[in-house]
Amino acid sequence: MDRGRAGSERVNTMLSPEAERVLRYLVEVEELAEEVLADRRQIVDLDTKRNRNREGLRALQRDLNLSEDVMVCFGNVFIRMPHRETKEMIEKDQEHLDKEIERLQKQLKVKVNRLFEAQGKPELKGFNLNPLNKDELKALKVILKG
């Protein structure tokens with residue numbers, strides 16, 4: 001047994017049951033908060049990449065010469081690729097990023113609720129709302145006009 005582990009076990013045996021419960025509670029809350037922050041950071045990073053892709057798609061749309069190759073940056077390397085293939089590749093990447101961000105946002109809702117529950121706070125109101133899809137939005141517009 002290493003000295004660090006033996007030292008922490010000695011500290012744990014010296015704590016009262018009440019202090020151990022408080023320590024476990026604080027560790028649980030800290031771990032949940034770290035998960036929430038990590039997911040939020042990942043969403044921001046993916047959204048930044050999605051915005052860069054959007055800029056690239058706009059640049060490809062402005063370039064009307066579809067027969068010429070375009071220069072694409074992969075990390076630190078530039079590669080010449082056909083215009084159409086580049087656009088398709090970026091669009092597929094956008095779809096993947098959208099799905100990943102949506103998945104992380106759903107996960108984040110669950111993790112935030114678990115964190116609030118662990119802290120003894122009430123669940124956030126309106127946090128589990130979902131946006132209307134296109135069909136629902138059209139139906140709502142018809143109802144409001146009617």
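Biologist: What makes arginine 84 and glutamate 88 a salt bridge?

Modeller: Keep in mind that this is a predicted model. The closest N and O atoms of arginine 84 and glutamate 88 are 3.2 Å apart. The cut-off is within 4 Å, so the pair counts as a salt bridge.

Biologist: And why are arginine 84 and glutamate 88 about one helical turn apart?

Modeller: Because they sit four residues apart in helix H3. In general, an α-helix has 3.6 residues a turn, so residues three or four places apart point the same way.

Biologist: What makes glutamate 102 and lysine 106 a salt bridge?

Modeller: Their N to O distance is 3.5 Å, and the limit is 4 Å, so they qualify. Both lie in helix H3, four residues apart. Lysine 106, at 52%, counts as exposed, while glutamate 102, at 44%, is partly exposed. Elsewhere, salt bridges that share partners join Asp47, Arg50 and Asp98 into one network. The structure holds 11 salt bridges.

Biologist: How do you know that helix H3 reaches close to its expected span?

Modeller: H3 covers residues 83–119, which is 37 residues. From first C-alpha to last, H3 reaches 53 Å, against 54 Å expected at 1.5 Å a residue. Just after H3, glycine 120 takes a positive phi of about 80°.

Biologist: Which residues have the most contacts inside the largest nonpolar core?

Modeller: Val36, Ile43, Leu46, Leu108, Val112 and Leu115, in a core of 13 residues. H3 gives the most to this core, with eight residues. Apart from it lies another core of six residues, including Leu57 and Ile90.

Biologist: What makes leucine 144 exposed?

Modeller: Leucine 144 has a relative accessible area of 67%; the cut-off is over 50%, so leucine 144 is exposed. With Leu132, Leu137 and Leu140, Leu144 forms a nonpolar surface patch of about 380 Å² of accessible area together.

Methods
Residues are numbered from 1 along each chain as its sequence is written. This is a predicted model: local features need pLDDT of at least 70, side-chain atom pairs count only at pLDDT 80 or more; totals for chains, interfaces and linings use all residues. Side-chain values use heavy atoms; hydrogens and water are left out. Helices (H or I, at least four residues) and strands (E, at least two) are DSSP runs, numbered from the N terminus. The expected span of a helix is 1.5 Å times one less than its number of residues. Patches are made of residues with over 30% relative accessible area and no salt bridge: like charges are joined within 9 Å, nonpolar side chains (Val, Leu, Ile, Met, Phe, Trp, Tyr) within 5 Å. Accessible areas come from the Shrake-Rupley method with a 1.4 Å probe; for residues, only the protein chains shown count as cover. A salt bridge is a side-chain nitrogen of Lys or Arg within 4 Å of a carboxyl oxygen of Asp or Glu. Buried means under 20% relative accessible area, exposed over 50%, partly exposed in between (1.4 Å probe, protein chains only). A nonpolar core is a set of buried Ala, Val, Leu, Ile, Met, Phe, Trp, Tyr and Cys residues joined through side-chain atoms within 4.5 Å.
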